[in-house]
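Trainee: Before we look, could you help me understand how the words used for a structure follow from the values behind them?

Mentor: Gladly, and we shall set each value against its cut-off.

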Amino acid sequence: MKKFNYAVVRTPTEYNDGSNEKLDYSISQIIKEHDTLVHFLRNVPIRVHNMPSIANDVIGSKLSQLCIATPRCVVLTNFIDGLVNNQKINIATHLGRFYPLNKIHFIDFPGLVSTKDILAVDDTYYISLSDETNQEGATQLSEILAQYGFTVTIVSESVEPLSKYLNYVEGNNLLVREGYEAPKIFDQFNKVIVPEEEKSAIGAIWINEVIILPNDCPRVKEYLISLDRYKVLSISIDEMNKINNLLKEYLVLF
């Protein structure tokens, strides 16, 4: 099943907050791993658009935190953190190449929305409330997406951001991180338990029946292959994992 035509990425650059504190990861290696990810994407195949790098952009390059892209519209999220919010106009300008301006929307203060609290399943967007996503933000998102035939459902019983422990990979399969209990609203899905030692699999990317996941997840990979539904590719992202990154945070699919 083909669902996505485009992937937008942006190569990370070194972030310097002026503290001169030595970072415990190699930015050059992260950039190499990012380039490898782009290579994987182009071989799915999917059209990849690489946004220009900007200074102090290790955080901002996690594009999926900043926007919710759908086939019909895109919504730019809203954070208290100015460093993240300052990236939105640049991203909206770039996405204007793909979406009419009247289909590019923004969550406005006092609404707050973080995609870390969102799990997209077909035409339903499940959202949990947290310090980064409030009721006003969820209401604004619901009103925007309803114009395009999407539904927003609040998951009130989740005490953690949904993306921390859940990942929907199509075909009714839901990755669930070991040690977390999926809220009852997700009982309809086949739950694939991700062992703690392979927790980075929660950040796996599903693109048109291909799953890309970190290469330190052999058990999850074996199970997904056994479903005889997906092509499963492993990628080395050792340095990305050092900054607790979810692989899917580095790109926007639509």
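Mentor: Let us begin with pairing, since two strands are said to pair if DSSP finds at least two bridges between them. Please keep in mind that this is a predicted model.

Trainee: How do you know that strand E13 pairs with E14?

Mentor: Five bridges join strand E13, residues 210-214, to E14, and the two run parallel; because pairing asks for at least two bridges, the strands count as paired. One example is Ile-212, whose bridge partner in E14 is Leu-233.

Trainee: What makes strand E12 and strand E14 edge strands?

Mentor: The open sheet has three strands in the order E12-E13-E14, with mixed pairing, and strand E12 (205-207) and strand E14 (231-235) each pair on one side only. Helix H1, residues 27-42, lies across E12, E13 and E14 and runs at about 165° to E14.

Trainee: Why is Ile-46 called buried?

Mentor: Its relative accessible area is 7%, and buried means under 20%, so the word applies to Ile-46. This residue is found in the loop between H1 and strand E2 (47-51), and, leaving aside residues up to four places away in sequence, Ile-46 touches Phe-4, Asn-5, Tyr-6, Ala-7, Leu-41, Ile-207 and Leu-253. Ile-46 and Leu-253 are 207 residues apart in sequence, with their C-alpha atoms 9.5 Å apart in space.

Trainee: Why is the pair of Phe-4 and Trp-206 called edge-to-face?

Mentor: The ring centres of Phe-4 and Trp-206 are 6.1 Å apart and the planes stand at 70°; because centres within 6.5 Å make a pair and planes over 60 degrees apart count as edge-to-face, the name follows. Phe-4 lies in the segment before strand E1 (6-10) and Trp-206 in strand E12, so the pair ties together parts that are 202 residues apart in sequence. Both Phe-4 and Trp-206 are buried.

Trainee: What makes the pair of Tyr-99 and Phe-254 tilted?

Mentor: The rings of Tyr-99 and Phe-254 have centres 5.2 Å apart and planes at 45°, and since planes under 30 degrees apart count as stacked and those over 60 as edge-to-face, the rest are tilted. This pair links Tyr-99, in the loop between helix H3 (88-95) and strand E5 (104-106), with Phe-254, in the segment after strand E15 (251-253). Tyr-99 and Phe-254 also belong to one aromatic cluster with Tyr-6 and Phe-98.

Notes:
Residues numbered from 1 in each chain as written. Predicted model: local features only at pLDDT ≥ 70, side-chain atom pairs only at ≥ 80, totals over all residues. Heavy atoms only, no water. Helix = DSSP H or I, 4+ residues; strand = E, 2+ residues; numbered from the N terminus. Contact = heavy atoms within 4.5 Å. Axes fitted to C-alpha atoms, helices over the stretch in contact; angles between N-to-C directions. Buried < 20%, exposed > 50% of the residue type's maximum accessible area, 1.4 Å probe, protein only. Phe/Tyr/Trp six-rings, centres within 6.5 Å; stacked < 30°, edge-to-face > 60°.
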